[in-house]
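Dear colleague,

I am passing on the structure we spoke about, together with some notes on what I found in it. Please look through the coordinates first and then read on.

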Amino acid sequence: MCLPRMEAEGLSNNQIIANISNIIRKAERLLLVISRPVDPDCVGTALACQWWLQQQSKKAKVVSFIPIPQDMNDFPGIKSVKRADAGTFDFSPYGAVIVVDGCDWAQFFGNQWPAIVSRLDLIRVVNLDHHEPGDIYKAVPETCLNICTSSTAQVLYSCLIEPGPIKPSAEVAEWLYRALLYDSRIFRNELHPGQLSFAEKLLALGVDHAKAVDVNYDMHEVEFMLWAIQHTRFIPELQLSLLTVDAAAQAELRQRLGKSWMEYDKLYKEQIERHIKGYNYGIILIDNLDGGIRLGWRTRNFGTHVSIGAVARQAGFQAGGHRNAGGGTFTGTLASAESKLLEELALVLPPQSSPASRGTDFMPGIRPSS
Ligand SMILES: [Mn+2]
């Protein structure tokens with residue numbers, strides 16, 4: 001496992017784990033909050049953590065303040081995740097609030113997060129995560145267990161479950177395994193120390209690998225992908241595939257795929273973004289139609305490429321996530337978001353002398369993936 005991110009700040013992993021264990025020990029009722037995007041890592045990890053707390057005779061509840069996408073309805077155990085409204089939620093009965101698999105408050109509480117966070121007793125807020133640290137770390141550094149590793153599932157298992165006496169059941173191991181498979185894209189992402197042995201341990205606990213890797217894309221995914229490929233701009237000098245979704249495109253997508261059209265972009269992201277020769281970056285810009293623009297990116301894993309997150313921040317976006325996959329927001333028009341981002345990307349990309357050097361030059365000043 002990587003060094004804890006907080007070590008540089010003078011807080012050791014062990015200290016943070018001890019702080020978190022203290023909070024858990026004192027709490028009778030604990031609340032687990034899952035993050036946006038609602039995915040197998042936040043759900044599987046929260047369910048496993050709930051089970052682990054219940055084994056210690058705690059009352060634990062898992063809530064989502066974010067709508068749960070259609071495809072997560074097939075996730076085993078999803079029925080235990082309760083939908084709730086953050087604005088009216090009563091946090092007072094809970095001795096601890098554990099926010100799982102996210103680094104920014106908005107990922108858990110939505111855009112109204114400042115009002116909601118002001119009602120929380122931050123002394124009892126715990127964060128389990130593996131993203132680049134964001135505003136939650138700044139608010140609660142002493143109880144923010146954020147480790148640069150495969151998944152939040154691995155953070156929970158290696159730091160909290162494995163050192164103790166409670167052995168996960170096969171069902172719990174399956175939740176964790178699905179979390180790991182999803183976040184690692186079935187081991188296609190960067191391999192983190194301990195990741196494969198984590199997988200082996202889960203298999204030894206009884207996980208059915210063939211069942212866990214079985215894929216069932218919704219047919220809408222195919223339709224979205226067809227549409228998206230036809231509307232993607234491939235910009236060779238920026239090594240970029242760019243899909244912008246304006247108001248007219250949204251109307252068309254809504255008509256074809258329904259109001260949840262934006263849930264069907266997985267196949268496109270997985271097959272097109274960062275997988276086409278010469279195109280190391282895949283970006284989607286969506287007009288929120290409320291004065292804001294949403295950004296999502298993927299970066300080729302192999303090779304040393306610029307950080308789209310850093311480029312986007314330089315271009316005036318708020319952006320976060322992982323180096324090779326993340327998202328952000330921009331205030332302004334779709335056209336200005338696009339032009340600022342492309343300008344900034346052109347500034348930091350190395351001049352292309354030959355196709356062979358494409359995208360493999362190291363960019364001084366921009367840290368490669370850790
Ligand atoms: Mn994750």
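What distance separates the centres of domain 1 and domain 2, taken over C-alpha atoms? The value is 28 Å, and please keep in mind here and throughout that this is a predicted model. The two domains into which the protein chain is divided are domain 1, covering 5-213, and domain 2, covering 221-357. Where they meet, ten residues of domain 1 are in contact with six residues of domain 2, and the side of domain 1 that touches domain 2 consists, by class, of two nonpolar, four polar and four charged residues.

Six strands make up an open sheet in the order E3-E2-E1-E4-E5-E6, and the pairing is parallel. Strand E3 (81-83) and strand E6 (144-146) are the edge strands, each of them pairing on one side only, and neighbouring strands of this sheet are turned by 25° against each other on average, with direction ignored. Within the sheet, strand E1 (residues 29-34) pairs with strand E4 (residues 96-100) in the parallel sense over five bridges, and Ile 34 has Val 100 in E4 as its bridge partner. Helix H6 (residues 152-161) packs on the sheet, where it touches E4, E5 and E6, and its direction makes about 115° with that of E5. Helix H1 (residues 13-26), for its part, lies across E1, E4, strand E5 (125-129) and E6, and runs at about 130° to E6.

The nonpolar cores come next. The largest nonpolar core has 65 residues, and those with the most contacts inside it are Leu 30, Leu 32, Ile 98, Val 100, Leu 156 and Leu 176. Another core, of 33 residues, lies apart from it and includes Met 225, Leu 243, Trp 297 and Ala 337. Returning to Leu 32, its contacts, not counting residues up to four places away in sequence, include Ala 46, Cys 49, Val 62, Ile 98 and Val 100, and also Gln 50 and Lys 61.

There is also a mixed sheet to describe. In this open sheet six strands follow the order E7-E8-E9-E10-E12-E11, and the pairing is mixed. Its edge strands are strand E7 (233-235) and E11, each pairing on one side only, while neighbouring strands are turned by 20° against each other on average, direction again ignored. H14 packs on this sheet and touches strand E8 (240-245), strand E9 (281-287), strand E10 (292-299) and E12, with a direction that makes about 160° with that of E9. Strand E11 (residues 318-321) pairs with strand E12 (residues 325-331) in the antiparallel sense over four bridges, and a hairpin through three residues joins E11 to E12. Across this pair, Gln 318 stands opposite Thr 329, and Ala 319 stands opposite Gly 328.

Is Leu 345 buried or exposed? Leu 345 counts as buried, because it has 23 C-beta neighbours inside 10 Å, and the cut-off for that class is 20 or more. Not counting residues up to four places away in sequence, Leu 345 touches Leu 238, Leu 240 and Val 311. The C-alpha atoms of Leu 345 and Ala 312 are separated by 8.4 Å, although these residues are 33 residues apart along the chain.

With best regards

Definitions and conventions. Residues are numbered from 1 along each chain as its sequence is written. This is a predicted model: local features need pLDDT of at least 70, side-chain atom pairs count only at pLDDT 80 or more; totals for chains, interfaces and linings use all residues. Two strands pair if DSSP finds at least two bridges between them. Helices (H or I, at least four residues) and strands (E, at least two) are DSSP runs, numbered from the N terminus. Axes are lines fitted to C-alpha atoms, for helices over the stretch in contact, and angles run from 0 to 180 degrees between N-to-C directions. Two residues are in contact if their C-beta atoms, placed from the backbone, lie within 7 Å. Domain bounds come from an automatic or database domain assignment. Ala, Val, Leu, Ile, Met, Phe, Trp, Tyr, Cys and Pro count as nonpolar, Asp, Glu, Lys and Arg as charged, and the others, Gly among them, as polar. A residue is buried if 20 or more other C-beta atoms lie within 10 Å of its own, exposed if 12 or fewer, and partly exposed in between; C-beta atoms are placed from the backbone. A nonpolar core is a set of buried Ala, Val, Leu, Ile, Met, Phe, Trp, Tyr and Cys residues joined through C-beta atoms within 7 Å.
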